[in-house]
Amino acid sequence: MLAADQSLDLARLRAGYCAHTFRPLDVVESVLERIARRGNDKVWIHKVPPATLVDQARRLESESPDRLPLYGVPFAIKDNIDLAGHPTTAACPEFAYTPRASATVVQRLVDAGAVP
């Protein structure tokens with residue numbers, strides 16, 4: 001298990017996954033808890049629904065951390081970079097759109113095992 005106050009640095013995440021100390025689902029739940037604890041702090045314009053994140057984490061758990069260099073690493077996306085199926089706003093809701101495909105950089109992160 002990963003406590004909500006423990007570091008999410010890459011080395012710690014990699015070591016924890018390889019030692020089976022925690023799983024991607026544990027990290028997703030920890031991140032969601034951290035965000036919830038902060039309340040409406042105006043950091044997030046849009047958040048991926050928790051159920052979607054849980055599904056992504058569970059699918060990732062069928063993979064090996066050795067195969068994916070960013071296995072289970074959570075990441076945030078600036079509001080002007082596309083994530084398929086989620087609004088891109090550039091901080092202007094009047095011009096928001098929902099892309100069908102993710103930006104190349106986002107897709108590469110996901111393909112390497114990271115969780116948006």
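Residues 24 or more positions apart account for 59% of the contacts in the chain with a separation of 6 or more, where contact denotes heavy atoms within 4.5 Å. The structure is a predicted model, in which local features need pLDDT of at least 70, side-chain atom pairs count only at pLDDT 80 or more, and totals for chains, interfaces and linings use all residues. Residues are numbered from 1 along each chain as its sequence is written, and side-chain values use heavy atoms, with hydrogens and water left out.

The chain contains four helices and zero strands, and its elements run α-α-α-α from the N terminus on. Along the principal axes, the C-alpha atoms fill a box of roughly 45 × 30 × 20 Å. Of the 116 residues, 34% count as buried. Buried means under 20% relative accessible area, exposed over 50%, and partly exposed in between, with a 1.4 Å probe and protein chains only.

When neighbours within four places in sequence are left aside, P24 is in contact with Y17, A57, L60, E61, Y71 and G72. The C-alpha atoms of P24 and Y71 are separated by 7.9 Å, although the two residues are 47 residues apart along the chain. D26 has its place in helix α2, which spans residues 24-38, and D26 is buried at a relative accessible area of 9%. A polar atom of the D26 side chain lies 2.8 Å from the backbone nitrogen of R23. A polar contact is defined as a pair of N or O atoms within 3.5 Å; within protein, one atom must be able to donate a hydrogen and the other to accept it, and residues adjacent in sequence count only if both atoms are side-chain atoms. V28, also found in helix α2, counts as buried at 8% relative accessibility. Its contacts, apart from neighbours within four places in sequence, are with L53, V54, A57 and V115. By C-alpha atoms, V28 is separated by 19 Å from D41, which is 13 residues away along the chain.

T89 lies in the loop between α3 and α4 and counts as buried at 9% relative accessibility. Residues up to four places away in sequence not counted, T89 touches I45, D79 and A96. A90 lies in the loop between α3 and α4, where A90 counts as partly exposed at 47% relative accessibility. Most residues other than glycine have a negative phi. A90, although not a glycine, has a positive phi of about 50 degrees. H20 likewise has a positive phi, near 60 degrees, and is a residue other than glycine. H20 is located in the loop between α1 (10-18) and α2 and counts as exposed at 66% relative accessibility.

Pockets were identified on a 1 Å grid over the protein atoms alone, a pocket being an open set of points where a 1.4 Å probe fits, with protein on both sides within 12 Å along at least five of seven lines; lining residues have an atom within 4 Å of a point. Grid points are joined across faces, edges and corners, and a volume is the space filled by probe spheres set on the points. The largest pocket holds about 620 Å³ of space. Its lining comprises 26 residues, of which W44, H46, K47, V48 and A76 lie nearest its centre. The elements giving two or more residues to this lining are α2 and α3 (50-60), and α2 gives the most, with four residues. By class, the lining has 19 nonpolar, four polar and three charged residues; Ala, Val, Leu, Ile, Met, Phe, Trp, Tyr, Cys and Pro count as nonpolar, Asp, Glu, Lys and Arg as charged, and the others, Gly among them, as polar.

The second largest pocket holds about 300 Å³ of space. It is lined by 20 residues, with Q56, R59, V110, A114 and P116 nearest its centre. Two or more residues of this lining come from each of α3 and α4 (104-111), and α3 gives the most, with five residues. The lining of the second largest pocket has ten nonpolar, six polar and four charged residues.
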